[in-house]
Amino acid sequence: MDLLIILGAFVAGIVVGFILLKVTSGDNDAQALRKKLEELQAEHQGYQSSVNEHFTRTADLIETMNKNYSEIQSHLMQGAELLVSSEYRLESEQMTQLNPDADDNLEVPKDWAPKKADQKGTLSEGFGLNPETEEAETTQDSSQVRS
């Protein structure tokens, strides 16, 4: 009987130890997952910050490049005015000087074909069909059906 009590206490100790192990390891798993989640969030925030800094720097560099380009263009134009006689200047520059508003008269290209008010549009069912030809075809079709 003493052996049975000792054996029962031993089995009960194993069961209680197993339960405690599962309960405490479950908390460790949850803590490990929380820690991993916090690490991933910090990494993601660092990545977002890096992307934001990259595009801010890119915008600054492009702005500087545009400013430098306009300065170079201005310098070249001033040099051309001082160093090149008018007879050797480009025709496009001379035309711009003659008519500075020439670019204002340009019309933006359309992505559709213009039509008159009495014309059918390209999406209408009868577009491209000649009414006389259409009537002749229908009479030929009806005569062939009768034969």
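## Surface and burial

Accessible areas here come from the Shrake-Rupley method with a 1.4 Å probe, and for residues only the protein chains shown count as cover. On that basis, the protein chain of this predicted model has an accessible surface of about 14200 Å², with 59% belonging to carbon and sulfur atoms. Of its 147 residues, 1% are buried (under 20% relative accessible area).

## Helices and confidence

Going along the sequence, you get α-α-α: three helices and zero strands (DSSP runs, H or I of at least four residues for helices, E of at least two for strands, numbered from the N terminus).

The chain's mean pLDDT (the predictor's confidence in each residue, from 0 to 100) is 79, and 76% of the residues reach at least 70. Helix 1 has the highest mean among the elements, at 89, while helix 2 (residues 91-98) has the lowest, at 54. Val 23 sits in helix 1, which covers residues 2-83.

## Ground rules

Residues are numbered from 1 along each chain as its sequence is written. Local features need pLDDT of at least 70, and side-chain values use heavy atoms, leaving out hydrogens and water.

Terms used. This is a predicted model: local features need pLDDT of at least 70, side-chain atom pairs count only at pLDDT 80 or more; totals for chains, interfaces and linings use all residues. Buried means under 20% relative accessible area, exposed over 50%, partly exposed in between (1.4 Å probe, protein chains only).
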